[in-house]
Amino acid sequence: MPYVPPHRRNQVPAPAAGAESQGKSLSDLDYSVDRGRDLSVDRLAEATGYKYNPKGAPSRFGSAGRNPHRPLGEGEDVPGGARLDEDGMVYDMGGGQCTYFQDRMRQYPFATETAGLALLRRLLLVNERVFALSDARVNATSDPTETARHGEHLYVMKPTMKSAPKSAGMAPGRHGEFPPPGWQALYLRLKSFQRFTESWALFERAAARGVFDPWLQLDLVSLDLQPSWEPYLLALPEPAEAEAGGGGTTYRFAQWDIKAGVDARDAAGGPLDLCLVSNVLVYCSDEPSAAVLAALLESGVKAILLNERGGEQKMVGMVERHGVVVAKLLDQDSAAGRDDRQLVFAPAGTSLPSPSGALAHVFPNVPYEESKQR
Ligand SMILES: C[S@@+](CC[C@H](N)C(=O)[O-])C[C@H]1O[C@@H](n2cnc3c(N)ncnc32)[C@H](O)[C@@H]1O
């Protein structure tokens, strides 16, 4: 039975925090939401799992809990838009305008124009290859429907299960175990849009600080504790392009545990010029990991770019005590206060001057900052 992506079936409300610890099994949880009627704010919060939390990044910097939009229903489209993918995440609005989503409920629309639309069209082609692999993993299980439901349940539960041990499955991959295939499939479907646009915006901000050399050939290596990500990485280049040598760009994967005492360059099989840390600090904001990052910068790595979800990263102070230069790339002066979600770490003595004016972004408001007020 084919995997049915979340936007093509009844959507899953966030189960009450602690439901599992109260002894409920997955099948006890109500997965259905009445999509036909208007949702009140409370019902919306219940249905989407997004509640106003003044301390959380989605509320401090974005509009979680105050979003005027309701989630799009199953099969529903953005009015006036042409759907570009089966999940309804990207819409061509005509006239060079594009609306796209990064969230499971398709409640938070983002806008981009011609250049962003062209990039998202290319991402959709890559996603076809990546999703085919993750769907195949779901379909290879004995009950693909239950596998997909269970994966979605884990995905939704994660924000409400902060106190649960990470090994309980709320943060698949934490200990290097194989992430549940249903979780992995949903993660890739949603995070592909978020990570791609956030990374693009991070590169724009870092470039404006003078971080990039004009590299002509990229040898990209993905280092992660969890080896089951490898096939997706290898599916990124166009097959024809990969066969022809990747147009000068190569993609490799190597398993690496930042806590295992193995030098990242040994794991990668060669020197590293630039590192991207994407949503990993939650697992390694400790002194030994700070020492690993500082050591990389002391021995040839020109910069470490970081994209994270939490507004306050302990790692900033930890690496600064090693002499690392930290540039915070997002606005720090708004009423919302400190925002560490996009950072550059550079070797001691590096100058990373702030750009003189506001930057024009291909993907505006990424990561979300719409609620920042001065
Ligand atoms: C939230 S996921 C982020 C995945 C991906 N980088 C992204 O941006 O979506 C966290 C990743 O950190 C990896 N991870 C956790 N602990 C690690 C460690 N000690 N060393 C290396 N990777 C680790 C996990 O395997 C997982 O892939």
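**View 1. Contacts across the whole protein.** Of the contacts with a separation of 6 or more, 69% join residues 24 or more positions apart; two residues are in contact if their C-beta atoms, placed from the backbone, lie within 7 Å. This is a predicted model, in which local features need pLDDT of at least 70, side-chain atom pairs count only at pLDDT 80 or more, and totals for chains, interfaces and linings use all residues. Residues are numbered from 1 along each chain as its sequence is written.

**View 2. Bend and end of helix α5.** Helices are DSSP runs (H or I, at least four residues) and strands are DSSP runs (E, at least two), both numbered from the N terminus. At K191, α5 bends by about 45°, the angle between axes fitted to the seven residues ending there and the seven starting there. After α5 comes G210, with a positive phi near 80°.

**View 3. The four-stranded open sheet.** The strand order is β7-β8-β10-β9, with mixed pairing; two strands pair if DSSP finds at least two bridges between them. At the edges, β7 (274-278) and β9 (325-328) each pair on one side only. Strands β8 (residues 303-307) and β10 (residues 342-346) are antiparallel, paired over four bridges.

**View 4. Surroundings of I304 and L293.** The bridge partner of I304 in β10 is F345. Beyond its neighbours within four places in sequence, L293 is in contact with I304, V319 and F345.
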